[in-house]
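Dear colleague,

Please find below the structure that I would like to hand over to you.

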Amino acid sequence: MPGAPSIVGAVVLAGIVGVVLFPEALGLDERSPFVQVVAFRPQLATVALVLAALAAFGAWRRAAAGTLVVALAVGLVSGIGVADVAGRTVGSATVTGTSGGLVVLALNTYTGDADADDLAALIQARNPDLVSLPEARGDLRRRLDSRLDEGQGGTGYRSYSADDADDASGMTVFVRSSLGRPTVTQDRDGTYPAIVVDLPRSAPGVASGLRFVADHPRSPKPGDTFGWVRDVGRLARWCDADRPTIIAGDMNATADHALFRSATADCTDAGSATGDGVTGTWPSWVPAFLGAQIDHVLVTGGPRPLGFEIAPVGGTDHRAVLARIGPG
């Protein structure tokens with residue numbers, strides 16, 4: 001039987017792993033560095049579980065009871081973390097593998113540095129009906145407009161934009177012309193401007209009377225997460241809507257953040273709902289399985305996700321997300 005020191009060590013180490021993986025249990029999940037760490041909970045939990053399994057096997061072979069207890073305790077906590085995200089990775093319904101409904105694309109263009117030709121080619125190839133482009137302004141916006149906006153020499157879309165004098169972010173939205181002429185407003189209650197698109201009742205199919213919100217909550221800054229807490233919490237106002245609504249953009253939060261889950265409790269996340277809720281969209285320079293899925297397409301009020309995909313675009317630190325949305 002392991003002695004008391006081994007048991008104490010197991011409890012302490014398992015507790016440390018638990019705090020790192022589940023800081024919400026102690027109310028630490030809205031503070032640095034836990035906000036940033038939680039974004040990578042799937043990867044950290046998997047690594048911890050593998051290491052615990054290897055340690056347990058080695059301890060069993062050596063009949064090291066104390067080490068075995070520690071390894072099993074850490075493995076148990078890590079296993080809970082892995083199980084917590086497993087449901088978001090079962091199966092994968094792609095946009096190209098489904099039909100009907102609307103296709104939505106969202107991409108953070110990294111202060112307008114995304115490759116305009118690359119992004120325009122993706123839009124023209126995948127024909128999304130609604131496009132949310134946080135941080136798209138300046139030359140990138142002008143080049144996209146010339147390719148896509150029917151009023152500026154492009155084809156297939158109408159474009160809408162919002163900028164802020166003190167913000168390098170900006171927001172650009174493209175709406176397929178066949179959806180009719182929408183009512184478009186700006187929401188400036190958050191750190192960055194959001195664009196709210198109300199499609200006409202005459203729009204076809206699932207788009208009839210739909211509200212589309214292109215939003216971009218602030219990222220959590222080391223030592224300053226107040227803006228992030230405020231902006232992510234504001235997502236609840238769109239998810240609580242009493243009408244068909246789609247919210248798309250860089251949310252700067254993953255499904256592992258308790259604040260994001262709470263704010264979007266009345267929404268369905270297209271990635272998680274279709275079996276691809278863990279693949280990373282940021283940062284784009286690491287393999288997708290090592291990244292964090294902070295870009296989302298959310299639906300509420302009737303529409304439901306049918307498929308979800310992630311696509312690379314040059315020049316930006318994000319990957320694009322595409323979702324097919326069908327009637328409820």
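This is a predicted model: local features need pLDDT of at least 70, side-chain atom pairs count only at pLDDT 80 or more; totals for chains, interfaces and linings use all residues.

Residues are numbered from 1 along each chain as its sequence is written, and side-chain values use heavy atoms, with hydrogens and water left out.

Overall architecture

The chain has 10 helices and 12 strands; these are DSSP runs (helices H or I of at least four residues, strands E of at least two), numbered from the N terminus. Its radius of gyration is 22 Å, close to the 20 Å that the globule rule gives for 328 residues, so the chain is as compact as a globular protein of that length. The radius is taken over C-alpha atoms, and the rule is 2.2 Å times the number of residues to the power 0.38. Along the principal axes, the C-alpha trace spans about 75 × 40 × 40 Å.

Buried residues account for 53% of the 328 residues. Here buried means under 20% relative accessible area, exposed means over 50%, and partly exposed lies in between (1.4 Å probe, protein chains only). The accessible surface of the chain comes to about 13,600 Å², and 59% of this belongs to carbon and sulfur atoms. Those areas come from the Shrake-Rupley method with a 1.4 Å probe; for residues, only the protein chains shown count as cover.

Of the contacts between residues at least 6 apart in sequence, 69% join residues at least 24 apart, a contact being heavy atoms within 4.5 Å. As for charge, the mean positions of the 27 positive and 34 negative charges are 3 Å apart. Lys and Arg count as positive and Asp and Glu as negative, with His and the chain ends not counted; each charge is placed at NZ of Lys, CZ of Arg, CG of Asp or CD of Glu.

Nonpolar cores

A nonpolar core is a set of buried Ala, Val, Leu, Ile, Met, Phe, Trp, Tyr and Cys residues joined through side-chain atoms within 4.5 Å. The largest such core holds 28 residues, of which L130, F212, I246 and V297 touch the most other members. Two or more residues are given to this core by each of β1 (102-106), β3 (157-164), β4 (167-176), β6 (194-198), β7 (211-214), β8 (245-250), β10 (295-300) and β12 (320-326). Another core, of 22 residues, lies apart from it and includes L107, L119, L122 and L144.

Leaving out residues up to four places away in sequence, F212 touches V104, L130, V131, S132, V173, I195, V196, V197, I246 and A248. V173 lies in strand β4 and is buried, at a relative accessible area of 0%. Beyond its neighbours within four places, V173 is in contact with V131, R158, S159, Y160, I195, V197, F212 and A214. The C-alpha atoms of V173 and V196, which are 23 residues apart along the chain, are separated by 9.4 Å.

Two further positions

G18 is in helix α1 and is buried, with a relative accessible area of 16%. Not counting residues up to four places away, G18 touches P23 and V77. G18 and I80 are 62 residues apart in sequence and 9.4 Å apart in space, C-alpha to C-alpha.

S99 is placed in the loop between α4 (65-86) and β1, and at 60% relative accessibility S99 counts as exposed.

Backbone geometry to inspect

A cis peptide bond joins S32 and P33, with omega about 0 degrees; P33 is found in the loop between α1 (4-21) and α2 (34-38). The peptide bond from W282 to P283 is also cis, with omega near -10 degrees, and P283 is in the loop between α10 (270-273) and β10.

Y110, which is not a glycine, has a positive phi of about 55 degrees. Y110 lies in the loop between β1 and α5 (116-126) and is partly exposed, with a relative accessible area of 38%. N252, likewise a residue other than glycine, has a positive phi near 50 degrees. N252 lies in the loop between β8 and α9 (258-263) and is buried, at a relative accessible area of 12%.

With kind regards
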